[in-house]
Amino acid sequence: MTDELVKLSAAQMAAKIKSGEVSSRELVEAHLKVIEAAEPSIQAFLQVSADEARAQADAFDEKTAKGQTEGLPELAGVPIAIKDMIVTKGIVTTAASKILEGWVPPYDATVIEKLKAAGMPLLGKTNLDEFAQGSSTEHSAFGPTHNPWDTDRVPGGSGGGSASAVAAFEAPLALGTDTGGSIRQPGALTGTVGVKPTYGGVSRFGAIAMASSLDQIGPVSRTVLDSALLQEIIGGHDRRDSTSIPAPVRPMAAAAREGMKRDLKGMRIGLVKELGGEGFQPGVQARFNESVKLLEEMGAEIVEVSCPHFPYSLGAYYIIMPSEVSSNLARYDGMRYGLRVMPPADVPQTAANMMAYTREAGFGDEVKRRIILGTYALSAGYYDAWYGSAQKVRTLIIQDFNKAFEQADVLISPTSPSTAFKFGEKMDDPLAMYMNDIATIPANLAGTPAMSIPSGLSDDGLPAGIQFIAPQQRDEVMYKPAAALEAALNEQWGGPIWQSLKTPWLDGLNK
C-alpha cells in the first residue's frame, strides 16, 4: 500500500484522513519509508525530522479522535517538506552553507507556524544551492540533489531539493523560495507544479534573506489544486513582515476547481513574444505550442503581447540581486552566530582578520561571486551607473506587464529554455547557468504571481514546463487556466506526467 498511498495527490490524502481511511501518522510513516529508500540516489533532504513529524502526526490524530479538527484547512494532517532556506524552531537550518552548519533556530518562520497550526507534519529540510544562489542545486555545500527522471542530471535550482522530493514521492508537498525562478524552474525540470505568489502575498518572516525585494516563499506540489490549497494556508498578512500585503487570501482553490471543468471561454491568454523561440530547446517549444493549442480548444482567446524590455531583465536582475545579496550576507561575519574561523597564529588576531577567514571558509564560490558583483555595483561612483540604472529597467518591466495585462487576463511562456542538463555541464560557465532563468526573472522583478506546471515530456524524454503569470494580487487568475490545462494534458496522456517516471526506490516497499 505504501507506493499507492504516496502517489495520491495531497488533496486525495486529505480526503482519506477526513474519511478515516488513513491517519496522519500512517502518511508520515509511508513517506519516511520512501525517504529512506530514495535518499541514497536522490539526496533531496539535508535533515529528516522523523521524530518531530511523528509527534506532530500523533498530536493531529489525537485531536481528530476527540473531534477537535473542525475548522482546520483542507490539507490538515498531510505531511510536507521545507526548503532549508526557511527557519524551523529546533530543526537545524543551514541555507545549504558551511557558514550556518549546525545552526538551530530559536523560532519558526510565519509559514511554519501556519503549517503547524494546520496540523501538517514537517518531514524535514530540503537541499538547495547555497543561500538559494544557483539554478541547479550543484552549489550546495553539502552536495548536489539528483533529478528523479535521470539521476545524472540536475533538478534545477535553487530549490532542487523540494522539487525532487515531491517528484520522487518523498513528500506530497513542499515549500520553496523563489527569487528569480527557484521554485518554477525546478518545477519544470522535475515535472512538478511550482508557484511564486504575488510579492508580499506570503510572509517572508523567517525566510533567510537572499535578495529582499525579490524573495518569495511558495508551494511545490504534484497538482495545481494541491498548490492552491497550500498557498491558501501559508498566505495572508503578517505584521512581522513590513512588505506583507494587508489583504485577504485570494480564492485560489475555488479557481483551480473551476479550471478543472476545462471551460476557458471569455479568458484572454497572452503569448509573450519575447519569451520563446530562439534559444529555447525545440522539444520544450513544441510542448509549449501544443499546450497553447489545448488552451485555445478549451475556449481561451490567444493574443500575442509584446514586452519590449523583458530582454533586459536578466541584466537588471544580475545587478539588483547581487547588490541585495552583498548587503544581506554581510551579517555572516563570525561574530554573532554560525561559523567562526580564527586566523593562523602568525596572522594578527583581529576582528577583521577573523571575519575574512570565516567568510573565506564559510561561503562557496557562487556566493562569493555574487557578493563581489553586488559590492562593486553598490560602490561609490558606480551606484547610479549600475544599481540605479537596473532599478529604472525594473520600472520599465513593470510597465510592460501593466500594458500586457490590459490586453490579456494571464500571460504564458515556457518556464525554462531547456530540460534538465547533466551535472557539471554549466558549472564553468556562470552566464550559461544564469540564462536558465531568462523566462522566470521578469515576474520577480515586477512582483507578479507566476506558476509552472508540466507541459509534457520533451524529445529527450525529460519534463518541460509552461509558465502562467497573473497580475499582482490576482493569484487566482492563473490557477484557473493552469488547472484546465493540467486536466486536458492528463486526459491526453492517460494520467499525470509522473506515471512515466521510473521509481526503483519504490520497488519492494510493500513487502
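Helix packing and two residues in a predicted model

Modeller: In this predicted model, helix 5 (residues 110-117) packs with helix 8 (residues 224-234) at an angle of about 110 degrees, and their axes are 9 Å apart.

Biologist: Why is helix 5 called roughly perpendicular to helix 8?

Modeller: Angles of 65 to 115 degrees count as roughly perpendicular. The angle here is about 110 degrees, and therefore helix 5 is roughly perpendicular to helix 8.

Biologist: Which residues meet where helix 5 packs with helix 8?

Modeller: Helix 5 contributes Val-111, Lys-114 and Leu-115, which meet Leu-230, Ile-233 and Ile-234 of helix 8. By class, this contact has 5 nonpolar residues, 1 charged and no polar.

Biologist: Why does Ser-326 count as buried?

Modeller: Buried means under 20% relative accessible area. Ser-326 has 11% relative accessibility, so Ser-326 counts as buried. Ser-326 is found in helix 11 (residues 313-328).

Biologist: What makes the pairing of Ser-326 with Ser-323 a polar contact?

Modeller: A polar contact needs a pair of N or O atoms within 3.5 Å. A polar atom of the Ser-326 side chain lies 2.8 Å from the backbone oxygen of Ser-323. Beyond its neighbours within four places in sequence, Ser-326 is in contact with Ile-371, Gly-374, Thr-375 and Leu-378.

Biologist: Where does Ile-245 lie, and which residues is Ile-245 in contact with?

Modeller: Ile-245 lies in the loop between helix 8 and helix 9 (252-259). Apart from neighbours within four places in sequence, Ile-245 is in contact with Thr-198, Tyr-199, Gly-200, Gly-201, His-237 and Gln-473. The C-alpha atoms of Ile-245 and Gly-447 are separated by 12 Å, with the two residues 202 residues apart along the chain.

Methods:
Residues are numbered from 1 along each chain as its sequence is written. This is a predicted model: local features need pLDDT of at least 70, side-chain atom pairs count only at pLDDT 80 or more; totals for chains, interfaces and linings use all residues. Side-chain values use heavy atoms; hydrogens and water are left out. Axes are lines fitted to C-alpha atoms, for helices over the stretch in contact, and angles run from 0 to 180 degrees between N-to-C directions. Helices (H or I, at least four residues) and strands (E, at least two) are DSSP runs, numbered from the N terminus. Angles under 35 degrees count as roughly parallel, over 145 as roughly antiparallel, 65 to 115 as roughly perpendicular and the rest as oblique. Contact means heavy atoms within 4.5 Å. Ala, Val, Leu, Ile, Met, Phe, Trp, Tyr, Cys and Pro count as nonpolar, Asp, Glu, Lys and Arg as charged, and the others, Gly among them, as polar. Buried means under 20% relative accessible area, exposed over 50%, partly exposed in between (1.4 Å probe, protein chains only). A polar contact is a pair of N or O atoms within 3.5 Å; within protein, one must be able to donate a hydrogen and the other to accept it, and residues adjacent in sequence count only if both atoms are side-chain atoms.
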